[in-house]
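Please read it alongside the sequence and coordinates displayed here.

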Amino acid sequence: MANIEALDLKKFITDAVYGVFDTMLSMSVSTSDKEFRSNGEGRHIVGSVGFAGKLTGNVCIHLNEGFARLITAAMLGMETDEIEGDEEVYDVVGELSNMIGGDLKSRFSDANLPCNLSIPSITSGSDFTLESKGWERHESFVFQNQENLALVEVFVKEEK
Amino acid sequence: MALKVLTVDDSKTIRMIVKKAFKSFECELFEAENGRQGLEVAKKERPGLIVLDITMPVMTGTEMLAKLKNDPDLKDTPVIMLTAESGKENVLEIVKMGVSDYVVKPFKGEQLIERVTKILTLEPKKGAEPEDTSKKFFSVDGDVQILTLPQKIDRPTSVEIEGHLKGKIEAMLGSGLKKMILDMQKVVGTNVILIKLIIAIIQNCQNANIRVRVVGTRALHDELKEFQETSEIPIDLSIEEAKEKFQTG
């Protein structure tokens, strides 16, 4: 219990998100007080990976379709109109969540909470919310690049 | 003979990034989506290098590596592991597995190539003379060197421009050009990379006693005012205005 409560999840998440966006996308992001809205134009895409071990939980990145396509184009070095289909977008969002999850997993392990990482999964649709119950910690942060927002949520608990 | 490189990763994105990283070199790229496929391709193609992800469905990279090490024909194939986890335990485990090196995601293609060149010699792709890509950005207008920035400045573009800058400044000094216009009229949106690039260009010019003026739209002018580093830089609204300022300034 004490281990989980002592984790500086805000720093873990912001460092991981800044690092991934800067290295893979050459995009600078900053934390934002704005509310992420999933019912805007286009679909709402969520990439998530799970942690299982001494610490269990998951991390999710929520994106609206427009931002997901921008990220896909940046990751693959192309323009958005060159994206071949949803599979490319889902693969990039999955990889994005895998990289953020991998960074968090390393930090959890270094904090004496070793765990394994699942392969990424994607949820896509319109006007939905994810509810998660039974976790010791649930933190969420909104990140902004120009007018685009991304919501990163992490849910964790320590296995006894 | 081209080096055969096998990328084993369940993510098409990562396979594309690896493919792009090797595109300037004499390499033949092969791909597999998991360890089982990876082993099949490795047995058939006998690659000179395997770039191997760890977390994959069907067969993980760790399992594939163990099978490679038990195969007399493949056990000496250099393997670079890709891992999303940089924790000490994970790194130690990777090293123990006997891989040649590892790269932690997120990574740039250049970082992967840097690791590869530590264990293998990569031959640049044969063919036409390398294109002078500086022409995309640099042109001469009378006695002024124009550096035109594209609409979007990302890290690779910034690195490319900075890579050309020193040579261009030397060429300017050799030919007596002492004025540069940084034309940013096409640029849409600012970011940290752009700001750093602007500062680098101005400082390089100042160090070489080259006068530099910056041209941009009014919107860009307003955005640059928001950054401490660029808030004091005067912006001209056209090339002609900048040239006039060189005459009068």
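Among the contacts in chain B with a separation of 6 or more, 67% are accounted for by residues 24 or more positions apart, in what is a predicted model. Chain B has 249 residues, of which 34% count as buried, and its secondary structure comprises nine helices and 10 strands.

One helix pair of chain B can be described in detail. Helix α6(B), residues 155–175, packs with helix α7(B), residues 192–207, at an angle of about 5 degrees, and their axes are 10 Å apart. Because angles under 35 degrees count as roughly parallel, α6(B) is roughly parallel to α7(B). On the side of α6(B), the contact is made by Arg155(B), Ser158(B), Ile161(B), Glu162(B), Leu165(B) and Ile169(B), while α7(B) contributes Ile193(B), Leu197(B), Ala200(B), Ile201(B), Asn204(B) and Cys205(B).

Helix α7(B) is also one of the elements that face the other chain: together with α1 (12–21) and α4 (88–96) of chain B, α7 supplies at least two residues of the side of chain B that touches chain A. The contact between the chains takes 26 residues from chain B and 25 residues from chain A, and on the side of chain B the largest share, five residues, comes from α1(B). The two contacts divide by residue class as follows.

| Contact | Nonpolar | Polar | Charged |
|---|---|---|---|
| α6(B) with α7(B) | eight residues | two residues | two residues |

The nonpolar cores complete the picture. The largest of them has 45 residues, and those with the most contacts inside it are Val17(A), Ile61(A), Val93(A), Ile100(A) and Val152(A). Two or more residues of this core are given by each of α2 (9–25), β2 (44–53), β3 (55–64), α3 (65–76), α4 (86–110) and β7 (148–158) of chain A, with α4(A) providing the largest share, nine residues. What does Val152(A) touch, not counting residues up to four places away in sequence? The residues concerned are Ile13(A), Val17(A), Val59(A), Ile61(A), Ile100(A), Ser140(A), Phe141(A) and Phe143(A). Apart from this core lies another, of 30 residues, including Phe22(B), Cys27(B), Ala32(B) and Leu39(B).

Key
Residues are numbered from 1 along each chain as its sequence is written. Chains are lettered from A and ligands numbered from 1 in the order in which they are written. This is a predicted model: local features need pLDDT of at least 70, side-chain atom pairs count only at pLDDT 80 or more; totals for chains, interfaces and linings use all residues. Axes are lines fitted to C-alpha atoms, for helices over the stretch in contact, and angles run from 0 to 180 degrees between N-to-C directions. Helices (H or I, at least four residues) and strands (E, at least two) are DSSP runs, numbered from the N terminus. Angles under 35 degrees count as roughly parallel, over 145 as roughly antiparallel, 65 to 115 as roughly perpendicular and the rest as oblique. Two residues are in contact if their C-beta atoms, placed from the backbone, lie within 7 Å. Ala, Val, Leu, Ile, Met, Phe, Trp, Tyr, Cys and Pro count as nonpolar, Asp, Glu, Lys and Arg as charged, and the others, Gly among them, as polar. A residue is buried if 20 or more other C-beta atoms lie within 10 Å of its own, exposed if 12 or fewer, and partly exposed in between; C-beta atoms are placed from the backbone. A nonpolar core is a set of buried Ala, Val, Leu, Ile, Met, Phe, Trp, Tyr and Cys residues joined through C-beta atoms within 7 Å.
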